[in-house]
Amino acid sequence: MKNMATLLATTAILATLATAAHSKTLVFCSEASPAHFDPGPTTGGNDFDASSRTMYNRLVEFEHGGTAVKPGLAESWEISDDGLEYTFHLRPGVKFHTTEYFTPTRDMNADDVIFSFERQWKEDNPWYAYLSGLTWDYFQGMDMPKFLKSIEKVDDLTVKMTLTEPNAPMLANLGMDFASIMSKEYADQLVASGDLASLSTKPIGTGPFQFVAYQADAVIRYKAFPDYWAGKVAIDDLIFAITTEPATRVQKLKAGECDIMPYPAPADIAGLKADPEINVMEQEGLNIGYMSYNVTIPPMDKVEVRKALSTAINKDAIIEAVYQGAGQSATNLIPPTMWSYNKSVKDNPYDPDAAKKMLEDAGVKDLTIDLWAMPVSRPYNPNAQRVAELIQADWAKIGVKANIVTYEWTEYRTRGKLKDRPGAFQIGWTGDNGDPDNFFATLFSCSAIGVSNYSSWCDPEFEKLTQDAKKVSDIAERTKLYEQAQVVFKREEPALTIAHSKVFMPMRKRVTGFTMDPLGIHRFDNVDVSE
């Protein structure tokens, strides 16, 4: 069946290329299938690549290749002196996509902005639970319900957002994928038809590309939106050829079957750099690969046990075997390139004898653990299966048995969120907005339990430090608070910080204009291809 799916995918791509002989086509060999095309409830980079960064816009956007905020659907804004009121002036004349399933009758306005946030916020909103098992991970995990007091329509092109208290990262937060602006008119049409689920499978946005078709687990097709507010992009047709195996992505790139591929295996980098037809871009990643311990389930509810398990793991061996020169051992949750990184925090030393004694002192023996391993390569972990095998061998040396567990990528993350999910869970993160809050609060706040806090860890001291850091705008003061939070995190060990990785982006030399992004975003609105 897999071979047939691959054949169908290749046939679909070749057919598209044939029909687009006189148009510019870019093929992106993406690494995983999207959960769906609604960026609000999703969290994976592959989900955002397929939805928010191709088909949607936000009030504010991040500059290409950086974290500075610039105007998006809001062409300007003001923030009150007390930091509580944000007034956004919307860009006039912004069009929504026209497709066979929706024809807009008006331009984007304040109603769309209010709808886009209230559907994630108001539990009585018909869209709050429009999909089975739906959770608004970013909106909840970043405490948006706590900080939002109201979102009001001043007029068709003016929206006022009022906060309950100052929030220094708020403007940057609004440039993130969950804040993508949806069409209320399209949503109302779906409500009238009783087909709410189509919002996630038949997307409508204002972005540079519009949806054409999706063949599950094989191909996503887009075309340039001719009425894009920033002007039609250079590419006419964009194809995502879903290719889960890194080695296969490399083969396709070398054969010219795709133009760009993400996340090559470290062992393939040298060969790609040697290929005269391929350009390999690289940069330090704003990321962290880590392994969450579920602190609610004995014996990992004891910090001594968590410390013992971490002390037994040879991270240097993992870096050498898996990252192969493209990563560095992680001491803190945030990478060293991010402001507020605490250089004084010391990592757990690798010491299996000490780890074994720590378990004995904690009264733990004959311990068996589920060790979760991602099924796909990620920018922060190129091979979680191999990492799991190395950890399994390390734990065996101290008498701990590890059962390696994995599922399909979307199912993996869904199961990982369960509060009663046992074991140690490999996951990671690439920063979304360049602010430390996006790591600390999003991943380990109390409100993120059940969404993106895979450790189910709620520490009062850590919580107060990170929440206080949001309330002040002075970088020096925020830095002191985050430095203290890193001390608490390392002391309590809710997770093993494994690695920060370098990110590589190989592409055919016919591709021009592509910009690597520290936020892990793959954007194609500034890309062109030569014939």
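**Cavities, a pocket and the cores**

Mentor: α2 (45-50), α5 (137-141), α16 (409-416) and β16 (424-430) each supply at least two residues of the lining of the largest cavity. Helices (H or I, at least four residues) and strands (E, at least two) are DSSP runs, numbered from the N terminus. A cavity is a set of points on a 1 Å grid over the protein atoms alone where a 1.4 Å probe fits but cannot get out, and lining residues have an atom within 4 Å of a point.

Trainee: What should I know about the model itself?
Mentor: This is a predicted model, in which local features need pLDDT of at least 70, side-chain atom pairs count only at pLDDT 80 or more, and totals for chains, interfaces and linings use all residues. Residues are numbered from 1 along each chain as its sequence is written, and side-chain values use heavy atoms, with hydrogens and water left out.

Trainee: Which element gives the largest share of the lining of the largest cavity?
Mentor: That is β16, with four residues. The lining has 28 residues in total, and Thr 43, Gly 44, Gly 45, Tyr 138 and Thr 430 lie nearest the centre of the cavity.

Trainee: How much space lies in the largest cavity?
Mentor: About 350 Å³, where a volume is the space filled by probe spheres set on the grid points, which are joined across faces, edges and corners.

Trainee: And which residues lie nearest the centre of the second largest cavity?
Mentor: They are Pro 264, Pro 379, Pro 382, Lys 502 and Phe 504, from a lining of 14 residues. Strand β17 (residues 495-508) provides the largest share of that lining, four residues.

Trainee: Turning to pockets, what lines the second largest pocket?
Mentor: A pocket is an open set of points with protein on both sides within 12 Å along at least five of seven lines. The second largest pocket is lined by 18 residues, among them Pro 41, Gly 133 and Lys 417, and α16 gives the most, four residues.

Trainee: How many residues does the largest nonpolar core have?
Mentor: It has 147, and Phe 117, Met 291, Trp 395 and Phe 524 have the most contacts inside it. A nonpolar core is a set of buried (under 20% relative accessible area, 1.4 Å probe, protein chains only) Ala, Val, Leu, Ile, Met, Phe, Trp, Tyr and Cys residues joined through side-chain atoms within 4.5 Å.

Definitions and conventions. Buried < 20%, exposed > 50% of the residue type's maximum accessible area, 1.4 Å probe, protein only.
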